[in-house]
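Student: I'm new to this structure and would like a close look at one part of it. Could you start at one helix end and then lead me on to what lies around the rest of the chain?

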Amino acid sequence: MPTLLERLSRLQSQSLPDYSIEIEGKVTRMVGLTMEAVGCVAALGDRCAVQVGKSRWVESEVVGFTGDLTYLMPTEAIDGIAPGARVRPLKEDSQMPVGPGLLGRVVNGLGRPLDGKGPIQAEESVSLQGEIINPLQRKPISETLDVGIKAINALLTVGKGQRLGLFAGSGVGKSMLLGMMTRFTEADITIVGLIGERGREVKEFIEQILGEEGLARSVVVASPADDSALMRLRAAVLTSRIAEYYRDQGKNVLLLMDSLTRYAQAQREIALSVGEPPATKGYPPSVFSKLPWLVERAGNGKEGGGSVTAFYTVLTEGDDQQDPIADASRAILDGHIVLSRRLAEEGHYPAIDIEASISRAMPHIVTEPHLQGAMRVKQLYSRYQQNRDLIAVGAYTKGSDPELDQAILLIPAINEFLRQSLSESFTLDKSLEALVAAMTSVPAK
């Protein structure tokens with residue numbers, strides 16, 4: 001039997017009312033997309049609801065503070081906000097419904113459906129803040145991943161858990177290449193993040209490039225260019241978090257994010273709006289700390305777990321490979337694939353520049369004959385490109401350079417090997433067979 005004191009204590013705890021007070025703040029200033037609020041008790045990264053009009057509330061996030069001022073960035077349009085608008089801190093974390101019902105769906109940066117198929121039938125939900133894996137506990141990259149593109153499979157072989165950049169200017173076929181990967185890859189699940197793209201391109205990518213077959217085993221997170229900067233950031237983080245969830249379930253995940261540049265630009269908008277000074281070509285320092293934070297979330301899980309193999313597209317303005325974001329991305333990724341505008345203009349698809357591209361994991365995951373064959377193709381291709389103009393004007397005399405003679409002999413077969421139509425799929429074994437056939441071909445006289 002409980003003592004009298006224990007019974008009284010239990011009854012007292014049950015009878016006490018909840019005296020917790022919900023503290024609200026108010027908006028005092030609005031500049032651009034940044035709100036300044038006072039009286040709001042919230043930490044950096046916390047979520048708040050801001051009253052817009054009489055009954056509408058818009059979710060916002062704390063992006064900075066100065067003294068008693070709190071800077072908020074909204075996730076959607078805030079037309080109609082007035083001075084003194086109420087700001088209510090939200091106690092719960094952002095949760096994303098996950099499970100088998102998420103496959104085949106298209107959601108926005110908040111995890112809300114965009115495809116009109118009703119609510120997501122989720123078995124559970126996860127927080128946007130995933131677990132940070134100790135780098136020493138990560139499984140090393142030791143297995144190949146078939147992406148269905150013979151030029152990549154054979155010459156730039158991808159490993160499970162590798163993170164690569166797809167460097168391209170506008171209009172050279174990067175979206176087409178991503179769509180082919182989603183349809184042809186051997187990965188269990190594909191997670192696609194369309195960050196900051198034109199709204200028209202989102203629908204075209206889903207319906208025309210991805211198709212029903214690709215969408216059935218994919219999850220698409222879309223945040224077009226007219227979304228707020230915070231929504232675009234959220235979409236990129238959500239894309240990575242969904243990939244992490246399936247990796248933790250033991251799945252081999254292919255993550256495709258288009259694009260890492262738009263993510264960096266969204267962070268730049270937010271940083272500049274709260275007063276962070278620009279450092280490199282208009283980019284504040286926080287941009288270059290956010291890039292590795294996002295990229296490092298991909299990769300292999302712990303031993304016995306799944307993997308996230310990631311491709312991040314990086315836009316090179318004016319095809320400038322020394323753009324600050326391109327240069328920073330190249331340093332933190334495990335390889336890069338460069339798409340050439342010259343090849344695209346020649347009708348060569350996919351327009352992969354194998355001279356400028358590299359897979360840093362390839363030497364550790366392929367056989368020695370495979371590696372030597374890929375290096376030989378690159379050598380011959382590069383030798384031909386270096387002397388292309390001389391050959392075109394007839395200034396080269398056959399027999400002057402045996403290496404160049406062989407390159408001239410094999411370049412038609414090599415170019416044919418590097419081309420692939422949108423409907424063709426090549427497994428890793430077929431890619432190697434095609435590579436051997438190209439290197440042993442004898443042109444007809």
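Tutor: Let's begin with G275, which comes just after helix α6 and takes a positive phi of about 95°. Keep in mind that this is a predicted model, where local features need pLDDT of at least 70, side-chain atom pairs count only at pLDDT 80 or more, and totals for chains, interfaces and linings use all residues. Residues are numbered from 1 along each chain as its sequence is written, and side-chain values use heavy atoms, with hydrogens and water left out.

Helix α6 itself covers residues 260–273 (helices are DSSP runs of H or I with at least four residues, strands runs of E with at least two, numbered from the N terminus). From first C-alpha to last, its 14 residues reach 20 Å, close to the 20 Å expected at 1.5 Å a residue (1.5 Å times one less than the number of residues). Among the buried residues of α6 are L260, Y263, Q267, I270 and A271 (buried means under 20% relative accessible area with a 1.4 Å probe, protein chains only).

Next come two helices that pack together, α7 (residues 285–295) and α8 (residues 324–332). Their axes lie 10 Å apart, at an angle of about 40° (axes are lines fitted to C-alpha atoms over the stretch in contact, with angles from 0 to 180 degrees between N-to-C directions). On the α7 side V287, F288, L291, P292 and V295 take part, and they meet P324, I325, A328, S329 and I332 in α8 (contact means heavy atoms within 4.5 Å).

Now look at strand β12, residues 163–168. Six of its six residues are buried, so β12 is largely enclosed by the rest of the structure. R163, G165 and F167 cover one side, while L164, L166 and A168 are buried on the other. Strand β17 (residues 307–315) runs parallel to β12 and is joined to it by six bridges (strands pair if DSSP finds at least two bridges); here R163 stands opposite A310. Strand β18 (residues 335–338) is also parallel to β12, through three bridges, and L166 stands opposite I337 there.

Finally, six strands form a closed barrel in the order β1-β2-β5-β4-β3-β6, with antiparallel pairing. Neighbouring strands of this sheet are turned by 45° against each other on average, direction ignored. Helix α5 (residues 229–248) packs on the sheet and touches β3, β4 and β5, its direction making about 90° with that of β4.

How values were computed
Buried < 20%, exposed > 50% of the residue type's maximum accessible area, 1.4 Å probe, protein only.
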